[in-house]
Amino acid sequence: MANEATTSFKARLNQPRAVLAPGAYDALSALLIEQAGFEAAYLSGASIAYTQLGRPDIGLLGLSEVADVTARVRDRVSIALIVDADTGFGNALNVQHTIRALERAGANAIQLEDQTAPKRCGHLAGKSIVPAAEMAGKVKAAVDARSSENTLIVARTDAIAVEGFERALERAALYREAGADVLFVEAPQDVAQMQRLGRAFPDVPMLANMVEGGKTPLMTKDQLEEMGFRLVISPGSLVRAFAFMAQEFLRQLHQNGATAVSRERMLNFQQINALLGLPALMEAGEAYEGRRGEAAE
C-alpha cells in the first residue's frame with residue numbers, strides 16, 4: 001500500500017534534518033498537528049489508552065482499536081503517520097496480521113517493541129522483555145508481511161531497564177540485521193547514553209523519545225539532531241497538555257457555574273467549525289446538490 005506520503009517519509013528520514021512528530025490519539029489531535037505545520041504525527045498507544053479507555057499504558061489496547069483510530073486519522077490528514085503497535089499483539093504470525101491491518105489503515109511507519117505481554121509504558125518500572133531472537137523473528141515477519149518496502153518497520157528495545165545499555169545496543173543491532181528500517185532504544189538514562197545511541201547505527205535512522213517526567217533527559221529537536229537522531233517523538237505531550245487545560249477549565253466551570261471566565265482560552269462555535277473545515281464541506285455539499293437538481297431537470 002505505497003502512497004506518496006509513505007514514499008516521501010522514507011526519503012525524508014534519510015535527510016540530516018530530524019523530523020519532530022508530536023503524539024496524536026484521534027483525528028482531531030492529528031488535524032491540529034498537521035495544521036501546526038508538522039511533517040508527521042506519532043499515533044501513540046499510550047495516548048489512545050488514556051483517551052479511549054481512560055486507563056494508563058499497561059497493555060490494555062488491542063489491534064482493532066489501534067487500527068480503527070489509524071483509519072480515522074488517515075481519513076482526515078495527509079501527513080506521515082507513525083503507528084505504535086506495541087508488541088504486535090502476539091507472536092510472529094500475529095505481527096504479520098498487525099502489519100497488514102495497519103498498513104491498510106494508512107500507517108507510514110509501524111513500531112514494534114520487545115516487551116512481553118502485557119506490555120507497559122517504556123518509562124514505567126517493572127518491564128520484562130522477550131528473548132532477542134524471538135523479537136528478531138517478529139521484525140523479520142513484519143518486513144515480510146508489508147506490501148510495500150516504503151512502509152517502515154520501527155524496532156524498539158526496552159532492554160536498557162532490564163539487561164543494561166550495552167545489551168540494548170546488541171539487541172538493536174540484531175533487529176537491524178532482521179530488517180528494521182528505524183531503531184528505537186527506549187529510555188536512555190543520561191546524555192552520554194543518548195550521544196552514543198545517536199551515532200551507534202549511522203546506516204539507519206535513530207528515534208528519540210521525549211517524555212515529560214520520564215527517565216530520559218528532555219532535549220530539543222536541534223540538540224537531538226546534532227547527536228545524530230533523525231526522528232524525535234513527543235508521544236504523550238499533547239494529551240497531557242489537554243488534560244492539564246481541561247482540569248483548569250472544569251475547575252473554573254465548577255466554581256463559577258459558567259464558562260465566561262475561560263472564554264479567552266477557548267475557541268468559539270464559529271472558530272471550531274472553521275478549524276474543522278465546515279465551510280468547505282458545506283460548499284462541496286451544495287455543489288453535489290446542484291448537480292442532482294440539474295440531472296432531474
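**Entry 1: the model.** I am working from a predicted model, so every value below is computed from it.

**Entry 2: the barrel.** I began with the strands. I found 8 of them closing into a barrel, running in the order β1-β2-β3-β4-β5-β6-β7-β8 with parallel pairing. On average, neighbouring strands of this sheet are turned by 25 degrees against each other, direction ignored. Next I checked what lies on the sheet: helix α5, residues 92-105, packs there and touches β3, β4 and β5. The direction of helix α5 makes about 155 degrees with that of β4.

**Entry 3: salt bridges overall.** How many salt bridges does a search of the whole structure find? I got 22. As a reminder to myself, side chains of opposite charge can pair when their charged atoms come close.

**Entry 4: D114 and R171.** Here the closest N and O atoms of the salt bridge are 3.1 Å apart. The two residues belong to distant parts of the chain, 57 residues apart: D114 is in the loop between β4 and α6, while R171 is in helix α8.

**Entry 5: R167 and E170.** I stayed in helix α8 for this one. R167 forms a salt bridge with E170, and their closest N and O atoms are 2.9 Å apart. Because they are 3 residues apart in the helix, about one helical turn separates R167 from E170. I noted R167 as partly exposed, at 30% relative accessible area, and E170 as partly exposed too, at 45%.

**Entry 6: R240 and E212.** This salt bridge has its closest N and O atoms 2.5 Å apart. It links distant parts of the chain, with R240 in helix α11 and E212 in the loop between β7 and α10, 28 residues apart. R240 has a relative accessible area of 31%, so I put it down as partly exposed. E212, at 37%, is partly exposed as well.

Notes
Residues numbered from 1 in each chain as written. Predicted model: local features only at pLDDT ≥ 70, side-chain atom pairs only at ≥ 80, totals over all residues. Heavy atoms only, no water. Salt bridge = Lys/Arg side-chain N within 4 Å of Asp/Glu carboxyl O. Helix = DSSP H or I, 4+ residues; strand = E, 2+ residues; numbered from the N terminus. Buried < 20%, exposed > 50% of the residue type's maximum accessible area, 1.4 Å probe, protein only. Pairing = 2+ DSSP bridges. Axes fitted to C-alpha atoms, helices over the stretch in contact; angles between N-to-C directions. Contact = heavy atoms within 4.5 Å.
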